[in-house]
Amino acid sequence: MAGTRGYVNRRLHSLLGVVPIGIFLIQHLTVNYFATRGPEAFNAAAHFMESLPYRYVLETFIIFLPLLFHSIYGVYIAFTAKSNLSNFGYFRNWMFIFQRITGIITLIFIAWHVWETRIAIGFGWAELNYSLMEGILTEPFFFWFYIVGVISTTFHFSNGLWSFFVSWGITVSPRSQKIMTYASIIIFLAISYVGVRTLIQFAYGI
Amino acid sequence: MSENKTVTMIITRQDHPDESSYEEKFEIPYRENMNVISALMEIRRNPVNADGEPTTPVYWDMGCLEEVCGACSMVINGTPRQSCTALVDQLEQPIRLAPMTTFPVNRDLAVDRSRMFDSLKKVKAWIPIDGTYDLGPGPKMPESKRQWAYELSKCMTCGVCLEACPNVNSKSDFIGPAPLSQVRLFNSHPTGEMNKSERLQTIMDEEGLMGCGNAQNCVQSCPKGIPLTTSIAALNRDTAIESFKSFFGSDQRV
């Protein structure tokens with residue numbers, strides 16, 4: 001059947017967004033939150049993550065490959081939609097468009113973020129520690145760039161989690177979908193707080 | 001007094017499927033309890049536009065005139081709906097009529113909805129019972145199930161859900177919510193269920209179920225109130241189980 005590949009790709013796209021990418025996102029924000037306990041705590045946590053065994057395997061299969069697939073296929077999905085908000089201004093239609101817009105913003109943000117941190121560290125241009133992030137985030141432009149990027153990412157994940165529950169047939173009834181909407185809002189607020197709080201710590205030291 | 005009252009209509013017209021569209025304004029005498037179709041009939045009776053120039057009568061499709069056939073769907077003041085149940089008194093003037101953009105235009109407001117009927121064929125939206133001998137009575141259907149399945153059977157293939165869907169457009173081949181919901185309808189029928197797997201396999205691609213982006217405009221727009229998004233979510237579950245069975249094996253298929 002001609003369409004089987006399309007089916008598998010779409011299923012894979014939905015799955016990878018939550019497992020492992022969503023899980024990695026929460027882990028990443030949590031480890032970074034150590035910054036609020038001071039530079040030493042952050043450096044210790046970052047060093048622990050950095051010195052995990054078979055780190056390159058973990059990075060490749062849990063972060064880079066899934067992220068690459070999810071983003072490339074996601075751009076394709078985003079550009080096959082045609083916004084019709086002017087005639088259909090329903091809540092879910094707004095979420096539909098935001099999901100696509102934040103997907104593109106998140107892709108740009110993550111590409112820059114990976115270049116500036118992981119790739120720079122890999123080439124030895126930078127060292128993974130508190131002062132690296134402090135250096136980036138004390139510049140007002142990059143502080144706001146990170147704020148937009150982080151909130152866009154947390155939105156894309158939270159709303160994507162709602163879609164994931166529908167796409168896998170977990171929330172079928174309108175009632176369960178509605179309750180999941182409230183749950184996704186709470187998740188969005190909670191992880192956005194974690195992300196933004198960390199950014200403020202790096203930028204202002206408070 | 002009522003002779004002086006008029007209804008203003010701005011209609012998007014197109015003379016030929018290959019020609020580009022243009023707008024034409026009409027002023028027609030108001031009558032009580034008019035619907036969009038009776039207003040269009042008034043133009044047909046006296047095809048003169050608002051500038052007083054004689055023009056060709058506006059062409060549109062219609063059938064039952066009681067919101068059951070789906071033929072008279074068009075975009076009325078930005079909303080796709082049936083023109084038979086669009087009452088002039090409840091519409092803001094000028095009333096803007098346009099053909100649905102998802103379908104090719106035959107002429108003026110009449111569109112070609114063939115793609116929907118092709119999709120119904122593609123997803124096998126029927127129950128095959130023809131054979132060489134009498135198969136006898138089919139299995140019974142629980143009343144509770146019959147009740148919600150009846151809701152799904154109200155679909156009149158009008159095309160409003162396709163028009164409302166942001167993923168049904170020139171850049172995608174998504175078949176839209178209506179034919180997907182029919183898969184759920186025929187799979188819920190005790191005899192139709194015998195071909196459940198086959199029907200599910202036909203929608204397990206990008207043009208099928210995977211084309212949905214959960215914008216949920218369809219369920220908001222459906223004139224028959226069909227729970228389209230519930231059908232889609234239910235099919236998401238069914239196809240997930242179906243792919244598990246077809247990959248790992250089951251008692252139906254080795």
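Predicted model: local features only at pLDDT ≥ 70, side-chain atom pairs only at ≥ 80, totals over all residues.
**Stop 1**

Select the strands of chain B. Five of them form an open sheet, in the order E2-E1-E5-E3-E4, and the pairing is mixed. Look at the two edges: strand E2 (22–29) and strand E4 (79–82) of chain B each pair on one side only. From one strand to the next, the twist averages 30°.

Now pick out strand E1 (residues 6–13) and strand E5 (residues 95–98) of chain B. They run parallel, and three bridges join them.

**Stop 2**

The peptide bond from B:Gln93 to B:Pro94 is cis, with omega near 0°.

Next, select B:Leu65, in the loop between H1 and E3 of chain B. Its phi is near 65°, a positive value in a residue other than glycine. Most residues other than glycine have a negative phi, and most peptide bonds are trans. B:Leu65 counts as partly exposed because 16 other C-beta atoms lie within 10 Å.

Then jump to B:Asn214, in the loop between helix H6 (196–203) and H7 of chain B. B:Asn214 also has a positive phi, about 60°, and is not a glycine. Is B:Asn214 buried or exposed? B:Asn214 is buried, because it has 20 or more C-beta neighbours inside 10 Å, namely 21.

**Stop 3: where chain B touches chain A**

Show both chains. The contact takes 27 residues from chain B and 26 residues from chain A. On the side of chain B, helix H7 (217–221) and H8 each supply at least two residues. Which helix gives the largest share of that side? H8(B) does, with seven residues. By type, the side of chain B that touches chain A divides into eight nonpolar, 13 polar and six charged residues.

While H8 is on screen, select B:Phe244, which lies in this helix (residues 228–248) of chain B. B:Phe244 counts as exposed, because it has 11 C-beta neighbours inside 10 Å.

**Stop 4: histidines of chain A**

Zoom in on A:His70, in helix H4 (residues 55–79) of chain A. A:His70 is buried, because 20 C-beta neighbours lie inside 10 Å. Beyond its neighbours within four places in sequence, A:His70 is in contact with A:His13, A:Leu16, A:Gly17 and A:Ile21.

A:His113 is in helix H5 (residues 91–122) of chain A. With 18 other C-beta atoms within 10 Å, A:His113 is partly exposed.

**Stop 5: a cis bond and a helix crossing in chain A**

Select A:Pro20, in the loop between helix H1 (4–18) and helix H2 (21–32) of chain A. A cis peptide bond joins A:Val19 to A:Pro20, with omega about 10°.

Finish with helix H6 (residues 130–137) and helix H8 (residues 174–204) of chain A. Their axes come within 7 Å and cross at roughly 85°, so H6(A) is roughly perpendicular to H8(A). A:Met133, A:Glu134 and A:Leu137 make the contact from H6(A), and A:Leu199, A:Phe202 and A:Ala203 make it from H8(A). Five of these residues are nonpolar, none is polar and one is charged.

Key. Residues numbered from 1 in each chain as written. Chains lettered and ligands numbered in written order. Axes fitted to C-alpha atoms, helices over the stretch in contact; angles between N-to-C directions. Helix = DSSP H or I, 4+ residues; strand = E, 2+ residues; numbered from the N terminus. Parallel < 35°, antiparallel > 145°, perpendicular 65-115°, else oblique. Contact = placed C-beta atoms within 7 Å. Nonpolar A, V, L, I, M, F, W, Y, C, P; charged D, E, K, R; others polar. Pairing = 2+ DSSP bridges. Buried ≥ 20, exposed ≤ 12 C-beta atoms within 10 Å, placed from the backbone.
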